[in-house]
Amino acid sequence: MSDPMPGPAEPEPIRIPDEDLDDLVSALHRTMAEVRQHGVILDRLGSEADDAPGPGSTEPGPVPADEPEAAPPLFILAMGGAQYAAELAELSFWVTHILLPVYGREIGSTRPWCAKWHEHPEAVARLHALWLAWQQLTTTEAGHAGPSTWHRDHLDHALLQLRAPDGPFAACTTSPSRPAHRVLATPDQLGLAA
């Protein structure tokens, strides 16, 4: 019988110090929650595609080009129901994976932040506006100065407002039991949706 062919040695198992396990478990839970949110979005998109009329259908088809279709609201404060939930899930992904890792900085009483930012209507509005500007100004169509414009005209101002000592997160830093966390009332809940 011949000896097995020499090949690359098996890698050593990865060992994680016990003090880092809590961080790893927390990151895993966040990732799993985001995957679930993406599943909800994909299910919603799939059901919208299933609702579209097929060939030979007697249901009304697409609106002719000469009759403009009502555009969905662009700003999150004008959205409601499933549209609001889907937009908030996408915004949360951007805040968690792009904004905070790069621009989060240290949290303190002079620069507060709240992990439940999505329960602060002002924060949702400002972060959504910031995200919309980011989408527009970080594309190739925005040119080389697009990202710089986003930083100067949008990011810096939004973070100054959100993280101000008297901004929307101020009491979250000084009073963790603050009862002011609340989910934003959507146009549906206010009876304003069309």
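1. A residue counts as buried when its relative accessible area is under 20%. Keep that cut-off in your head as you read, and remember that this is a predicted model. Now try it on E87: at a relative accessible area of 14%, E87 falls under the cut-off, so it is buried.

2. Where does E87 sit? It is found in helix α2, which covers residues 81-103. If you skip its neighbours within four places in sequence, E87 is in contact with I76, M79, H128 and W131. Two of those names, H128 and W131, come back in the next point, among the buried residues of α3.

3. On to helix α3, residues 121-137. It has 17 residues and reaches 24 Å from its first C-alpha to its last, close to the 24 Å expected at 1.5 Å a residue.

4. How do α2 and α3 pack? Their angle is about 75°, and their axes are 10 Å apart. That makes the two helices roughly perpendicular. By class, the residues of this contact are 12 nonpolar, one polar and two charged. If you want to find the contact on screen, look on the α2 side for Y84, E87, L88, E90, L91, W94, V95, I98 and L99. On the α3 side, pick out V124, L127, H128, L130, W131 and W134. So our buried friend E87 is part of this contact as well.

5. Helix α2 also packs against α4, at an angle of about 90° and with the axes 13 Å apart. These two helices are therefore roughly perpendicular to each other. Here W94, L99 and Y103 from α2 meet W150, H151, L155 and L159 from α4. The classes for this contact are six nonpolar, one polar and no charged residues. Notice that W94 and L99 also turn up in the list of α2 residues that meet α3.

6. How many salt bridges does the structure hold? Two. As background, side chains of opposite charge can pair when their charged atoms come close. In one of the bridges, the side chains of R126 and E122 meet at 2.9 Å, N to O. Both residues lie in helix α3, four residues apart, or about one turn of the helix. That spacing is worth a thought: an α-helix has 3.6 residues a turn, so residues three or four places apart point the same way.

7. Last, have a look at R105, which has its place in the loop between α2 and α3. Its phi is near 50°, a positive value in a residue other than glycine.

Conventions:
Residues are numbered from 1 along each chain as its sequence is written. This is a predicted model: local features need pLDDT of at least 70, side-chain atom pairs count only at pLDDT 80 or more; totals for chains, interfaces and linings use all residues. Side-chain values use heavy atoms; hydrogens and water are left out. Buried means under 20% relative accessible area, exposed over 50%, partly exposed in between (1.4 Å probe, protein chains only). Contact means heavy atoms within 4.5 Å. The expected span of a helix is 1.5 Å times one less than its number of residues. A salt bridge is a side-chain nitrogen of Lys or Arg within 4 Å of a carboxyl oxygen of Asp or Glu. Axes are lines fitted to C-alpha atoms, for helices over the stretch in contact, and angles run from 0 to 180 degrees between N-to-C directions. Angles under 35 degrees count as roughly parallel, over 145 as roughly antiparallel, 65 to 115 as roughly perpendicular and the rest as oblique. Ala, Val, Leu, Ile, Met, Phe, Trp, Tyr, Cys and Pro count as nonpolar, Asp, Glu, Lys and Arg as charged, and the others, Gly among them, as polar.
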